[in-house]
Amino acid sequence: MKTLYPYQERVLQVLAQGRNVILVIPTGGGKTLAALLPFLQSCAFNDGTLPGKAVYVTPMRVLATQFTRTCHQLLEELNPPLIEPLRQRYAQFGRPLLSLQTGESPDDPQFESLITACTIDQLLASALGVPYSVDGARANINVGLPASAYLILDEPHLYPLNRQGQSCFGALTTTIELLRQLKDLTRFTFMSATLSRPLVEQLAQMIDAEVIEASDEELAALARGRQRVFRRVAEPLSAEQVLERHQRCSLVVCNRVERAQELYLQLDELIQERGLDIRLQLLHSRFSDEDRRRQSEELQGWLGPAAWDEKSGRYQGENVIVVATQVVEVGLDISVETLHSELSPANSLIQRAGRCARFPHQQGQVFVYSLPVDDQGQAQTLPYEPEPCQRTWEALAEYDGQVVRFQEERRLLDTVHCESDLQLLARYEEQRPDLLEKMVTSLRKPDPRVRSTLIRDDLQVALLVHDTPEEEIVTAPWQWQLFTLRPSLLQGRHWQALQERAAALGLDWVCKQAVLVGAGSGRAAQGEDHSRTRSETAAQGEDDSRREPLYTWEPVTNPATEISSALVLALPQALVTYDRDLGLVFRDGRLPLTARWQQRLEGTRYQSRPLERRRSGAVSQTVLRQRYEEHIGGLADAYHYGLYHELVYALRRLEERMGLAAGTIDQAIQLALALHDLGKLAEGWQRWARSWERLYHEKKGLHYQEPAADYLFAKTTYDVRAREERQWEQELAVRRPNHACESVALACRFIRDCLGATTPASPTAPVARATCYAIARHHTTGAHEYGATRLAPGALEAVRRALALVQRETSPRPMNLQLILPECQQGDLFPENVRSGKFSQPDLDPQTPQYETWLAFVMTRALRLADQRADVYR
């Protein structure tokens with residue numbers, strides 16, 4: 001293990017003292033190690049200093065990918081005897097210690113690994129109950145994640161904010177509010193190289209965190225003799241200027257993908273004309289997953305630490321020019337001699353500069369170019385706002401031709417961003433009640449449209465290339481190779497150009513959109529949101545999570561409204577293609593191609609392919625028959641062996657904050673495990689189970705032996721991949737009854753008695769409510785009604801054995817099983833709140849922590865993950 005800087009040791013100390021951290025350190029200064037090492041140390045020694053799970057949160061997918069490399073190296077360096085028990089625990093249910101969860105690499109949709117790296121969009125969507133990673137039936141499974149994990153939030157200045165004038169909404173302020181709600185429950189490290197000082201000072205008070213910065217002596221040690229000189233260039237960036245100033249390695253950063261592609265083609269033409277021996281590479285967000293991984297590895301080889309002499313700071317690698325977009329601002333441990341950048345706000349510009357003279361003793365130059373203007377003479381600042389770009393340009397005049405170190409970078413940040421940062425925080429404080437109410441409303445009744453308000457309004461649409469999507473892509477279209485882009489690239493004049501090319505080629509469609517079968521038309525003009533339709537449809541029935549939704553493809557006829565709201569779009573190969581060096585290319589003339597490139601692309605045929613996705617080993621495709629006690633025993637093993645270690649920190653903090661006796665929530669979770677399927681012990685459910693087993697064996701041509709009369713089913717035989725089994729079920733004379741809310745209706749008196757919640761004012765009453773919520777919604781997010789139910793003979797004995805299985809080391813407490821109702825009539829668990837779907841009434845006062853809310857979702861996560869993993873332990 002490397003020797004730690006003093007600031008890294010201070011992070012260890014502060015977190016060990018139960019405080020949160022805001023870490024402000026220069027780019028390349030080792031922030032990731034500082035934030036991650038305390039967690040790995042806590043896990044290795046099992047000392048309870050930090051939660052038992054970590055989530056590393058980034059603004060961009062590329063940074064999450066880079067983190068996984070760093071983390072893999074750290075895990076390899078740890079003492080094997082300390083880390084091996086952890087590895088075995090996670091391998092038991094098919095998870096590695098480290099996973100990536102992004103749009104392009106959704107390898108851990110339920111955040112089950114020890115450490116998961118994800119984007120801010122993935123974390124916030126999960127916390128708000130509108131996840132991108134799982135379907136609507138499982139939308140509540142990740143809500144409790146941020147309350148039970150150690151959060152490492154990297155480069156928050158890049159978290160999006162909505163462009164709505166005086167609005168405060170967006171991922172940055174939603175993150176701040178989330179941390180304010182969680183500051184007493186979990187631990188987090190909020191870290192960046194590019195936050196203004198006033199922003200840091202106010203954030204520290206808001207989220208009750210200690211600011212850790214490097215001293216002047218530490219900054220000198222971190223710099224290790226490297227220097228960057230900034231220079232302004234009062235004309236737009238061009239290929240000629242890049243070649244004129246090129247030495248052996250250069251990085252060119254453009255603000256938009258189209259501009260990067262165009263500059264790449266211009267450089268390629270000049271290099272060919274002049275016969276130069278220069279390797280040219282393009283990097284942006286519209287490459288395939290496979291090519292992005294290849295590019296990242298190649299760049300690391302060409303420009304990473306191994307390409308530089310550590311003593312002299314001289315470059316020893318290939319002659320290379322890399323043209324890129326903002327994807328290189330964070331996450332790539334590379335360095336160049338010369339950086340060319342289009343003008344951008346100071347915080348982004350400094351991140352870009354962090355890829356120049358990054359390693360010891362290097363000398364680098366950063367050229368910042370003014371932006372081109374449009375026909376009206378206005379600077380083309382997109383995707384940024386004009387004002388911060390202009391302020392940055394003016395502020396750079398002071399540093400033109402000067403060496404810019406971290407101290408100068410901080411002054412530049414303060415000059416450009418201080419006023420706007422303070423204005424943002426003032427708007428946030430003013431509108432905070434509204435922000436919190438939107439968050440709570442989203443948890444009460446999830447609606448994915450809230451993402452555009454609370455996460456980002458800079459919409460991106462998902463596009464795949466396919467000629468016949470309606471024939472080959474009928475399930476999970478998001479599990480094909482997708483490209484994300486702004487809706488405007490398929491609207492207005494661009495749509496007209498695509499239409500003209502389609503007409504010239506005799507195509508009968510330009511673009512199609514995926515629509516959930518049975519959800520009605522997906523047209524945005526009719527007010528439908530595709531992701532909402534998919535989620536709500538999936539959440540209506542308890543067992544829909546076992547059935548794969550089907551999709552059809554409808555032609556887009558109104559691009560102004562339909563493009564932005566589509567779940568996934570498809571374009572035919574005749575209108576768009578793909579090149580491993582250029583990325584996604586539209587065939588409508590928008591990108592000026594040389595004759596050589598036109599000829600190359602003319603013969604290119606590209607069609608999106610399905611992606612291979614890692615599935616959790618705990619999710620079995622074939623469900624085998626199990627009796628009640630056997631199933632509950634599996635949940636008990638899954639919880640005690642694995643989940644308890646992840647959740648115990650959160651359980652103890654919740655107990656402290658809610659004034660509960662130690663072990664109260666653990667006891668409540670055990671009750672939820674034992675009673676969550678109580679409704680299956682009803683006569684109706686047992687009749688259905690026996691009928692299904694007979695039919696299943698008959699259809700399979702298998703011998704069937706009817707179980708004894710006292711055999712109470714919890715699971716029936718079922719293959720989730722076999723679509724014909726859905727049809728078989730329709731042949732049964734009896735329908736499968738629901739059971740989740742029925743379980744609550746039958747057991748709520750017993751649960752309250754076990755937890756000592758004798759009155760609504762009892763300290764444990766919130767725990768009893770949370771337990772009932774977790775049981776009621778362990779299959780779907782909006783369940784509230786229950787049907788007439790009568791327990792089968794022997795049900796209470798099965799419950800008694802199940803309770804004995806889950807209690808384990810806990811001293812058995814007297815339990816009056818007679819408080820479990822033998823039957824119930826049809827009803828509603830939340831009659832006064834049916835429309836809003838509330839499970840309780842959280843206080844909307846921003847000063848009041850929502851402990852009961854987080855408790856309910858932590859318990860739901862524990863129950864649902866244990867339910868999924870139960871078969872692994874049987």
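Tyrosine 639 counts as buried, at 0% relative accessibility, where buried means under 20% relative accessible area, exposed over 50% and partly exposed in between, with a 1.4 Å probe and protein chains only. Tyrosine 639 forms an aromatic pair with tyrosine 644, and tyrosine 644 is the residue on which a kink of about 65° in helix 21 is centred. This is a predicted model, in which local features need pLDDT of at least 70 and side-chain atom pairs count only at pLDDT 80 or more, while totals for chains, interfaces and linings use all residues. Residues are numbered from 1 along each chain as its sequence is written, and side-chain values use heavy atoms, with hydrogens and water left out.

**Helix 21**

- Helix 21 covers residues 628–658 and spans only 33 Å between its end C-alpha atoms, whereas a straight helix of 31 residues would span 45 Å at 1.5 Å a residue; the expected span is 1.5 Å times one less than the number of residues.
- Helices (H or I, at least four residues) and strands (E, at least two) are DSSP runs, numbered from the N terminus.
- The kink of about 65° is centred on tyrosine 644, the bend at a residue being the angle between axes fitted to the seven residues ending there and the seven starting there.
- Because 24 of its 31 residues are buried, helix 21 is largely enclosed by the rest of the structure.
- Glycine 642 is found in helix 21 and counts as buried, at 5% relative accessibility.
- Leaving aside neighbours within four places in sequence, glycine 642 is in contact with Arg89 and Asp637, contact meaning heavy atoms within 4.5 Å.
- Glycine 642 and alanine 866 are 224 residues apart in sequence and 8.9 Å apart in space, C-alpha to C-alpha.
- Helix 21 is followed by glycine 659, whose phi is positive, near 65°.

**Aromatic pairs**

- The structure holds 16 aromatic pairs; rings of Phe, Tyr and Trp (its six-membered ring) pair if their centres lie within 6.5 Å, and planes under 30 degrees apart count as stacked, over 60 as edge-to-face and the rest as tilted.
- The rings of tryptophan 308 and tyrosine 315 have their centres 5.0 Å apart and their planes at 55°, so this pair is tilted.
- Tryptophan 308 is buried at 8% relative accessibility, and tyrosine 315 is buried with a relative accessible area of 11%.
- The pair of tyrosine 639 and tyrosine 644 is edge-to-face, with 6.0 Å centre to centre and 80° between the planes; tyrosine 644 is partly exposed, with a relative accessible area of 25%.
- Phe287, Phe483, Tyr578 and Tyr606 form one aromatic cluster.

- An open sheet with parallel pairing is formed by 7 strands in the order 3-4-2-5-6-1-7, two strands being paired if DSSP finds at least two bridges between them.
- Strand 3 (98–101) and strand 7 (209–213) stand at the edges with a single partner strand each, so one side of each is left without a neighbour in the sheet.
- Neighbouring strands of this sheet are turned by 15° against each other on average, direction ignored; axes are lines fitted to C-alpha atoms, for helices over the stretch in contact, and angles run from 0 to 180 degrees between N-to-C directions.
- Strand 1 (residues 20–24) and strand 6 (residues 188–192) pair in the parallel sense over 4 bridges, and the bridge partner of valine 24 in strand 6 is serine 192.
- Helix 7 (residues 197–206) packs on the sheet, touching strand 1, strand 6 and strand 7, and its direction makes about 175° with that of strand 1.

- With mixed pairing, 5 strands form an open sheet in the order 16-15-19-17-18.
- Strand 16 (483–485) and strand 18 (551–555) stand at the edges, each with a single partner strand, so one side of each is left without a neighbour in the sheet.
- Neighbouring strands of this sheet are turned by 40° against each other on average, direction ignored.
- Strand 17 (residues 512–516) and strand 18 run antiparallel and are joined by 5 bridges, with tryptophan 553 in strand 18 as the bridge partner of alanine 514.

**Leucine 575**

- Leucine 575 lies in the loop between strand 19 (569–571) and strand 20 (576–579) and counts as buried, at 0% relative accessibility.
- Leaving aside neighbours within four places in sequence, leucine 575 is in contact with Leu498, Arg501, Ala502, Leu507, Val510, Phe586 and Arg587.
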